[in-house]
Amino acid sequence: VQPRSISRDGRCGQVRDGRFRCGRQARGGERGAVSAERRARFLMGSAQPNDAQPRRSEATVDSAPPGGAEDFDGRLLERLDDWVIEPLLRTHGRRVLLAGGVAGLVSRTFVAPLERTKLLFQVQSLSVSPPGQPMRYTSVTQSISAIFEKEGLRGLFKGNGANCVRIIPMSGLQFYAYDVLKCEIYARQGSETLTPLQRLGAGAMAGAFAQTLTYPLDFMRARLTVDMHGRYSGIFTGMWAVARAEGVGALYRGLFPSLVGIMPYVGVDFMVYGTLREMLPVNPVTGEPDTVPKLIVGAVAGAAGQTVAYPLDTIRRQLQVQDVKVKYPDVPKYEGLVDCFRGIVRRDGVRGLYRGIWPNYLKVAPSISIQFVIFEKACDTFARTSKVVEQRQRLRMV
């Protein structure tokens, strides 16, 4: 320890290298040396345990180093970069998968009340007897009002948590599979252009892939949406209850009509959106079409896909929920796709296949448009973030 001295003007300090230093300057020098040493050990991955750290003087312990908070923030940012952000955004495929999940989450939550209204329209005939009796839900506004009066605001979003658990992986896998197929087509033909038929085929295969992997979640989400008596407490506990009561195969009931319906639906979505997007004028500043025209194109794509696939979606829903909705003996249980199609037409006519399509149009138009736009924005954001992280990592290695 350096001997303490008193300067001519009464300041207390130490003499170092033949020069007088006040107490604050002396302690600052010690703190700076310790901080630099600890940072060097951290960056080299050789930080010592607390008992092995060099002991500081009392003056150093009493006052925190001026750059301590900044050092802590820097270390936290480094760890976030190395352990979280960089692994998630390392490759293009991971960014597409993550962006698809984010797009699905945002779009479906936005239209959750309309999603539940549409589903109740589709399956309400299973609990109405005899045939020809008036339906409980007759319009979008009446349905939303009835749900709100009976279950409150939460009732409008009932099943949305299960829907998000399903839609996040499904949307991510769907965009990921489409991107992989698109790149494969590019490689085979040697150009980065797709025909409408190629978009249709790639979208159909991507939709089938994602739906097959996530179908049990979709099945349970439908059950939760129509569960008015609290039979199921959550998506995973509900899946366990269904598997115990009805067998594991029940979780895949309606998979075939679901695949038959999802393939044209997703295929038409990608085909219409991709084809119309190429016709949009490009903003000279961003080099991309503006957001509002892309939202309109996405709404048109969603409406076109739903018009093609809606009857099969109605069949799928009735197969999924008939075990909990059928209340009367004269309402039959359907054995499969063809049997369900015949039963709906015989009982409700062809209109029964399209019951609930209008609220579905109101749901699908914003849902698909938001999904495509959020996906593109998320992909751009993740790509820029990945580059920034790479630059920070290179600077730390210098």
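1. In this predicted model, helix H8 bends by about 25° at Ile167, with a proline, Pro169, following within four residues. H8 covers residues 160–189, 30 residues in total, and its first and last C-alpha atoms are 42 Å apart, close to the 44 Å expected at 1.5 Å a residue. After H8 comes Gly190, which has a positive phi, near 75°.

2. Helix H14 (residues 357–397) has 41 residues, which at 1.5 Å a residue should span 60 Å; the 58 Å between its end C-alpha atoms therefore agrees with expectation. H14 bends by about 25° at Lys363, and here a proline, Pro366, follows within four residues.

3. H14 packs against helix H11 (residues 255–279) at an angle of about 65°, and the two axes are 12 Å apart. The crossing of H11 past H14 is right-handed. On the H11 side the contact is made by Tyr265, Asp269, Phe270, Tyr273 and Arg277, and on the H14 side by Val364, Ile368, Phe372 and Glu376. By class, the residues of this contact are 6 nonpolar, no polar and 3 charged. Residues three or four places apart on an α-helix point the same way, because there are 3.6 residues a turn.

4. Gln306 belongs to helix H12 (residues 291–325). Is Gln306 buried or exposed? Its relative accessibility is 8%, and buried means under 20%, so Gln306 counts as buried. Leaving aside residues up to four places away in sequence, Gln306 touches Tyr265, Asn360, Tyr361 and Val364. Of these, Tyr265 and Val364 also take part in the contact of H11 with H14.

Notes: Residues numbered from 1 in each chain as written. Predicted model: local features only at pLDDT ≥ 70, side-chain atom pairs only at ≥ 80, totals over all residues. Heavy atoms only, no water. Helix = DSSP H or I, 4+ residues; strand = E, 2+ residues; numbered from the N terminus. Expected span 1.5 Å × (residues − 1). Bend = angle between axes of the 7 residues up to and from the residue. Buried < 20%, exposed > 50% of the residue type's maximum accessible area, 1.4 Å probe, protein only. Contact = heavy atoms within 4.5 Å. Axes fitted to C-alpha atoms, helices over the stretch in contact; angles between N-to-C directions. Left-handed = near helix turned anticlockwise from the far one by under 90°. Nonpolar A, V, L, I, M, F, W, Y, C, P; charged D, E, K, R; others polar.
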